[in-house]
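Dear colleague,

Please find below the structure that I am handing over to you. The findings follow directly after it.

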Amino acid sequence: MAAGSILVATQLSSLFPSANAPSVVLQSSRRNLVAPTPTADGDLHPEHASFASIVQLHHVGSILLRVLHGGLIVELVSLSTQAPPIRFVFPVPILSAPAILAAAEQELHLLVVTITGSLYRLVLPAANPNLLWHDQAAANWCREYIIKNVADLSRGIVHIQGIHCITIGLNSGSLLRIESERIGDDTCDDLWTETLSQPKSFFGAFASYIPGLHPSANAASEVLSLASLPQPTDLGHTWTLSRDRVLRLWTAKSGCVASKTILSRVNGQSTSSGATISEPLDVETRNLLRICSGGTNDECTFAIVFTPTSTNSHSGGYFQVFDSTADQLRELGTIECSAASAHCHLQDFIINDGMLCVLWERQGCSVMERTPLFLGKLNASDTTTWTTSSHGEEADLTPAYLEELLRSPGLLTEKFMEAILRPGFFSPLTIRTALEQYIDACLSLPGPPVPELTTSYATVVENIAAVVGCTVSLVQDPHTGAMQHDRYWSALKRDWEGFIARCREVERSARLPLALCVGRNNEGVVVVERERINIIAKEDLPINIHRHLSDSLAVDSHFAVLDIAWTLCDKIGPELFRNVETRVVDVLHQEIAFSIVDIIGDQSQRLDFKECLDDGTRNWIIAKLQDVEDLDKNIRITLDLVAGFDPQVKREEDEVELLLPPTWSEWRVALSAAYISTSVHARYDICISLDGPSLLSRR
């Protein structure tokens, strides 16, 4: 039973609240600049990122870049140092894919292009890792260049190739290359040159001779993805993929030097001439193209293109690999996606350490798959094996789950409050947003607002406790005069369920995956979501066993008793299982004056456990337990599983690491806490499931 891997998540609003990030408002040299209203997206909260990336710099560590508030704000967060975050507010929305780069040991350069055609270079200090951008900046740290060749970039795709070069793909299929002849200093601005290259095609050449007809009229030529070799590299080539499924290679001197039409194997339609016409790709912001090097000395260049398939397909799509060495495009082979990716949406993919890593969005959740990538040695007969990583199992606050909570003793408000405040469940931003929406909905009701809605509270917890259900009143029956307690509790429960439903909706949006990034040192691949960051961690044994049991997968024979116990817990139903759990917890909180055997027998009689099972299930469980060769040893192994520790839970430092200065960050501490929480949850479920066979075996 091979160990897998899971996604371990941390919430950004818990670690880096927006109130702790100072904002720097930037100005534009353009006259009469009218700031267009950002496109409204009902699913995207202003504090949820629409674009995110992580860059690794050897002298400052990991830096997270996020685009917020519809493209008006760029936020920088240091994940490796104690430097507080910072936000830059632009006068107009920016285009996706800004980048932060290291210019020297002392500087960071943030390059941003706005939809109105302004190129900003922000020169930020980086000499002190604990201050970074909060240190003293240079006099001319914010530099703006007005792009001349294109007036409207609202549909443009930006790719930052380095501190000296920016390329922009246009909706006409053209490529605008902006290169710096000189980087400015404290007294002068940058000096940029622009080169606009047209795609070499029959339509483009023919259209240039017809007045009034421009290649931009062909919407299918719109550039969807741009890519280049990762930095550092001396090769300044650019690759583009357009809506009409044409892959193009561009050089700095000659423009478009090669092109290749990628035909769809699913949606292609044959014509009378035998050619194949493929449907244009959908217009949406996502990465469909990556460039990497390979070979003995990385002398070869490869382009990897993803082609999505229809929703009724057997997979989410497929990858095609092209050899782009010597300024050509030669197809090498195809990599099929897994069957599990069907009905999933690709968000991003990267190549890391010889592995093709793919990020899928599956029903609003992040799923990452990996497979070895043998560039230049692809074989159509080879079977692609994918390894999947997803989040560990966690409860969802559905109405059915809330009903289960109400079956245990305690107050309704306390149970629901405890559920929503469980660490790692809802982020502070989610709870605050849902509370604001709830208050606005209550204020929109006819009549004067209740005092609780307009009162200030010291904490969010106090605010929730006072506001949720404040519009529900206990009234008398007009005919009998009796107090209508049942109606009051039903209305209060509906109010809480409505508030929790708002929390679930906001949190679902916050967990939408955005990007895959390469982590630092041994962090591997990092998954960035709108409001969370995830790393890939190896499962410890309890998490691995828990996943196998939850997915009804086979476990090793020495966990046979645990497998039987897990099946029994599924058979008894949630209500009886909740009663068993409550009674076990109550016993553990009391002073034990009798033997455990007597206590289990007493609880079995009180619960009438055996009578809750039909004869077939009861006989099947007893027969399975009797088939276990060494029952005592099997149970001891399961108990050792619960109490055991793996290196993944806590790794002791060796002598060399103890001599080095510690690298501490809140993000790493939160990741450790999240992993431990997942492991403890798995151990708890395993432990509580063993009570079922114990109760069944006692009269």
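Gly-162 stands opposite Cys-165 in β12. This is a predicted model, in which local features need pLDDT of at least 70 and side-chain atom pairs count only at pLDDT 80 or more, while totals for chains, interfaces and linings use all residues. Residues are numbered from 1 along each chain as its sequence is written, and side-chain values use heavy atoms, with hydrogens and water left out.

Strands (E, at least two residues) and helices (H or I, at least four) are DSSP runs numbered from the N terminus, and two strands pair if DSSP finds at least two bridges between them. Strand β11 (residues 157-162) pairs with β12 in the antiparallel sense over five bridges, and the two form a hairpin with two residues between them. On pairing with strand β13 (residues 175-182), β12 is again antiparallel, over five bridges; here Ile-166 stands opposite Ile-178. The hairpin of β12 and β13 has five residues between the strands, and Gly-173 takes a positive phi near 90 degrees in it.

Strand β12 (residues 165-169) is mostly covered, with five of its five residues buried (buried means under 20% relative accessible area, exposed over 50%, partly exposed in between; 1.4 Å probe, protein chains only). Cys-165, Thr-167 and Gly-169 point one way, Ile-166 and Ile-168 the other way, and all are buried. In a regular strand the side chains alternate between the two faces of the sheet.

Four antiparallel strands form an open sheet in the order β15-β16-β17-β18. Its edge strands, β15 (223-227) and β18 (255-261), each pair on one side only. Within this sheet, four bridges join β16 (residues 238-242) to β17 (residues 246-251), and Thr-238 stands opposite Trp-250 in β17.

A further open sheet of four antiparallel strands has the order β21-β22-β23-β24. β21 (289-294) and β24 (330-336) stand at its edges with a single partner strand each, so one side of each is left without a neighbour in the sheet. Strand β23 (residues 317-323) pairs with β24 over six bridges in the antiparallel sense, and Phe-322 stands opposite Glu-331 in β24.

**A residue in helix α13**

Ile-635 is found in helix α13 (residues 631-643). At 34% relative accessibility, Ile-635 counts as partly exposed.

Yours sincerely
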